[in-house]
Each structure stands twice: as structure tokens, then as C-alpha cells.
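The entries follow the order in which I looked things up.

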Amino acid sequence: MALDRKAPNDLNAFWMPFTANRQFKKNPRMFVGAKDMHYTTSDGRQVLDGTAGLWCCNAGHCRPKITEAIQKQAAELDYAPAFQMGHPVAFELANRIVEIAPKGIEHVFYTNSGSESVETALKLAIAYHRAKGQGGRTRLIGRERGYHGVNFGGISVGGIVNNRRHFGTLLAGVDHLPHTHLPEQNRWTKGQPEHGAYLADDLERLVALHGAETIAAVIVEPVAGSTGVILPPKGYLEKLRAITKKHGILLIFDEVITGFGRLGAPFAAQYFDVLPDMMTTAKGLTNGVIPMGAVLTTADVHDAFMDGPEHMIELFHGYTYSGNPIASAAGIATLEVYKEEALFERAAAIAPYWEEALHSLRDAPHVIDVRNMGLIGAIELDPIAGEPTKRAFEAFLRAYDKNILIRTTGDIIAMSPPLMIEKHHIDTLIGTLADVLKTLP
Ligand SMILES: Cc1ncc(COP(=O)(O)O)c(C=O)c1O
């Protein structure tokens with residue numbers, strides 16, 4: 001039977017991720033095409049992409065350069081083993097990633113997703129200390145409300161209760177810092193909030209509790225996205241860096257959403273001018289087109305493993321698809337599009353307009369906070385009493401009916417448009433959202 005790309009077939013077999021499956025299958029929402037800032041729906045509408053897919057299509061959709069690179073690579077070298085064999089494209093991409101990474105980041109370990117990047121970084125942290133003769137450093141520290149993907153390490157250091165509570169005992173030896181959401185002090189702040197740097201001091205409490213010699217790493221999102229956009233207060237990340245350094249603890253920035261221009265700089269590490277020991281990435285690395293992730297490390301982390309006889313494998317970790325040729329080709333083409341179109345700079349230039357547009361919703365019905373940074377925006381809604389998440393989900397459905405794609409988490413609307421967004425798109429997105437908010441229960 002020919003594949004029908006335009007009409008839904010039987011919806012039963014596909015168990016959809018992070019989806020209200022029964023609700024969806026009664027009333028499906030299907031995309032069948034995409035170009036630049038828009039999706040095409042199965043009923044022929046153009047929907048403005050306010051979320052870059054899932055925070056990943058930073059260069060916009062179906063960009064010819066990326067499409068052609070994938071086609072060419074698929075015809076030339078479809079797959080090469082990643083263990084004990086190589087191919088030039090993966091090496092070239094790694095060099096180009098290092099070129100745009102903060103000074104001090106020198107190595108790239110490939111994965112296939114953000115979740116795998118997180119697992120990889122956590123394992124690297126523990127193995128790094130072992131290689132340095134500090135095998136007692138196994139404890140991992142995350143943060144409340146953190147999102148680090150869905151695998152066991154990631155949900156253990158993560159702090160979103162629904163992602164954790166159904167899945168047993170998780171990893172042992174994990175602790176959490178407090179989140180940095182302080183609505184009483186920071187509500188309506190534009191950009192980076194003033195209050196809350198002191199929350200990083202909680203790491204000293206954990207060090208006092210467990211002993212620094214038991215702690216391998218701290219992992220945080222520089223800007224927390226999936227929990228509903230929580231920003232780092234001024235001075236907070238700097239403090240975390242200082243405390244981790246003081247105690248010999250590795251600092252991992254989970255840059256899966258902040259990487260590749262989301263804040264108007266290549267990475268959040270540059271935006272905040274704080275250098276972590278490792279950065280986890282995915283999404284914008286290939287513009288979301290082909291699954292690929294990467295852990296970026298300093299020379300210090302990498303070199304700790306480069307010991308022992310040269311014929312020995314240094315790190316017993318990797319994936320069948322690490323550095324897959326087609327994904328690598330997509331990555332190179334994506335980085336070229338970012339560069340040729342100066343998309344990171346464009347994001348930085350339009351960010352103030354984005355900020356003003358978002359904050360114009362301050363007096364809209366149900367809005368209790370607005371947060372923004374770079375091309376990230378969050379509109380927090382007052383939950384319906386006794387029915388958390390319902391109001392925002394209703395906003396999502398009504399927005400889709402009005403041809404804009406937004407995302408909701410809890411009662412927060414989160415937006416992260418492609419970096420090619422123009423002012424008139426912002427006007428449409430925020431204007432339509434204002435109309436939607438007026439109609440909400
Ligand atoms: C900060 C962060 N880390 C990890 C992930 C997981 O990425 P993936 O869904 O590619 O596994 C995400 C996904 O949204 C993320 O935002």
C-alpha cells in the first residue's frame with residue numbers, strides 16, 4: 001500500500017510521546033509540510049511556528065542547504081561504524097562546533113539526542129574523577145524543576161515531579177539544588193532577574209552535608225526551558241562556577257535548548273560568560289532535522305582519559321550512531337546556514353522587540369508573569385482552581401485553531417521561535433495569543 005503523507009491513517013499503533021494520546025486521537029492535529037517560519041496542516045492551513053518545532057529548528061524549516069547536504073551524504077556514504085573506524089565528515093563537524101564554542105572547550109563526543117548527551121556527560125563526570133584517582137566522587141547534583149531528558153540519569157538529576165514519580169527509585173546518590181524561580185521578588189522582570197544569586201550557596205550546604213570528595217558534578221540548564229522558562233538570577237551561574245571550582249566539582253551546562261543561538265550567542269556559556277567543564281547539546285545542532293547530540297568538553301576532561309596503553313579503548317561508552325555521516329553532514333550544513341545568515345546575531349538584534357511584544361501581554365486576562373531572554377519567552381497563567389494545566393492546554397488548542405504553534409508546560413506558555421523570525425511574525429504571534437487569552441475560560 002502506498003504511504004499516504006497527507007491524511008491520517010489508523011492512529012492506534014503509534015503510542016505518542018509526552019502526549020494526551022486519547023485526546024489527540026479523537027481530534028488529531030497533523031503537520032504535513034513546513035517551510036521557513038510555517039507548518040502546513042493536513043487541512044491545508046499555514047501555522048506560524050512559535051516554538052521552532054521543539055526548540056530545535058533554529059534556522060527555520062526545510063532549508064535547502066541542509067536538505068541537499070543530507071541527500072548528498074545519504075547517496076555517498078550512508079553509514080560508517082563509529083567504533084574503531086571513522087569518516088571525515090564527523091571530524092569536520094567536531095572542528096566546526098569547537099570553532100563556535102567558548103574558548104576552553106576543545107572536544108566533542110557525539111550522541112543522538114539531548115537525553116543521551118546528559119547520560120554521557122554524567123558518566124564522563126564520574127569516570128573523569130576515577131581516572132584522576134578520586135573514585136569516591138560519584139554523587140551527582142541537579143536542580144529542582146530541572147529537565148535533563150528522560151533517561152534514568154537525566155530524570156534522577158532532573159527535578160520535574162511527573163517525570164520522576166512513576167519510575168521507581170532512580171539513581172542513588174543524587175541531590176538537588178533549589179530552583180531559581182522567585183515570583184515574589186522577580187515577577188515581570190525583563191531578561192535576567194535581580195534576585196536569587198544566593199540560591200547557588202545551597203551547594204555549600206550540600207558540600208558540607210556529603211563532603212566535596214563524594215561529589216562528581218553539578219548539572220544545570222543555564223536557562224531552564226521545559227519546566228516553563230526559569231532564568232538564572234544575576235550572578236547565580238558565576239557563583240555556581242566559583243563554588244564548583246573551589247571544591248573540585250565538575251560543572252555541566254545542559255545547553256540542549258540554549259545551544260546554537262537561542263540566546264543570541266552560540267551558547268549560553270558565552271552569553272553569561274561562564275565556562276563549564278562540559279556542555280550537553282542536541283536539537284539546534286542539526287536544526288532538528290536528523291537526531292544528533294554532542295557533549296562538549298574541556299581539554300582537562302578529555303585528557304584525563306588519554307592514559308594507559310595506546311591500543312586500549314579509553315572510554316567504554318558510545319552509540320552505534322555516534323557521528324552518523326548523514327547527521328554529521330546535516331550538522332555542518334546547519335552551522336553554515338547559521339553563519340551565512342548571521343542567525344545568532346539576528347536573534348540578538350530582534351530580542352528587544354521580542355521582549356517588548358511579550359511584555360505587552362502583562363495586562364491580558366489570566367497572565368500572572370512574563371519572562372524572557374534571547375528568543376525565549378514565557379507567559380505564566382493563573383491556573384484554574386483544582387484543574388492545573390487545563391487553562392494553558394486550552395490556550396494551546398485555541399492557538400492552533402488560530403494558526404499559531406505555541407507550547408505549554410503546566411500553566412505556562414513557552415515560546416522559542418526560529419531565529420529567522422521577523423517583526424511581523426512576532427506581531428502575528430503575540431497579537432493572536434492576545435486574542436486567544438481573551439477567550440479563555
Ligand atoms: C535542557 C534539556 N536537556 C535535555 C533534553 C532532552 O533532549 P531529547 O528530547 O533530545 O532527548 C531537553 C529536551 O527538551 C532539554 O530541554
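Is N403 buried, partly exposed or exposed? I looked up the relative accessible area of N403 and found 27%, so N403 is partly exposed. The cut-offs I needed here are under 20% for buried and over 50% for exposed. I note that the model is predicted.

**Entry: two loop residues with positive phi**

I kept N403 on the page for its backbone. N403 is not a glycine, yet its phi is positive, about 75 degrees. I placed N403 in the loop that runs between α15 (390-401) and β13 (404-405).

I then looked up A342, which is not a glycine either and has a positive phi of about 45 degrees. A342 sits in the loop between α13 (325-340) and α14 (343-359). Its relative accessibility is 28%, so I put A342 down as partly exposed. I wrote both down because most residues other than glycine have a negative phi.

**Entry: the chain as a whole**

I counted elements next: the chain has 16 helices and 15 strands. The C-alpha trace spans about 65 × 55 × 45 Å along its principal axes. What radius of gyration does the chain have, against that of a compact globule? For 441 residues a compact globule would come out near 22 Å, and the chain has 22 Å, so the two agree. For cover, I noted that 55% of the 441 residues count as buried.

**Entry: the ligand**

I listed the residues around the ligand. They are S113, G114, S115, Y147, H148, G149, E221, S226, D254, V256, I257 and K283. Sorted by class, this shell holds three nonpolar, six polar and three charged residues.

For G114, the atom is a backbone N or O, and it lies 2.8 Å from a ligand oxygen. For K283, an N or O atom of the side chain is 3.0 Å from an oxygen atom of the ligand. I then checked the cover: the ligand taken alone exposes 390 Å², and the protein buries 83% of that.

T280 belongs to strand β9 (residues 278-281). The relative accessible area of T280 is 0%, so T280 is buried.

**Entry: Y236**

I looked up Y236 in helix α10 (residues 236-246). Y236 counts as buried because its relative accessibility is 0%.

I took β11 first. Strand β11 covers residues 367-373, and six of its seven residues are buried. β11 runs antiparallel to strand β12 (residues 376-381), and six bridges join them. I checked two positions in this pairing. V367 stands opposite L381 in β12, and the bridge partner of D369 in β12 is E380.

I then went through β12 by face. Side chains in a regular strand alternate between the two faces of the sheet. On one side of β12 I found I376, A378 and E380, on the other G377, I379 and L381, and all of these are buried. The count for β12 is six of six residues buried.

Last, I looked for another partner of β12. β12 also pairs with strand β15 (residues 412-415), antiparallel, over four bridges. In that pairing I379 has I413 in β15 as its bridge partner.

Technical notes: Residues are numbered from 1 along each chain as its sequence is written. This is a predicted model: local features need pLDDT of at least 70, side-chain atom pairs count only at pLDDT 80 or more; totals for chains, interfaces and linings use all residues. Side-chain values use heavy atoms; hydrogens and water are left out. A residue is near a molecule or strand if one of its heavy atoms lies within 4 Å of it. A polar contact is a pair of N or O atoms within 3.5 Å; within protein, one must be able to donate a hydrogen and the other to accept it, and residues adjacent in sequence count only if both atoms are side-chain atoms. Accessible areas come from the Shrake-Rupley method with a 1.4 Å probe; for residues, only the protein chains shown count as cover. Ala, Val, Leu, Ile, Met, Phe, Trp, Tyr, Cys and Pro count as nonpolar, Asp, Glu, Lys and Arg as charged, and the others, Gly among them, as polar. Buried means under 20% relative accessible area, exposed over 50%, partly exposed in between (1.4 Å probe, protein chains only). Two strands pair if DSSP finds at least two bridges between them. The radius of gyration is taken over C-alpha atoms; the globule rule is 2.2 Å times the number of residues to the power 0.38.
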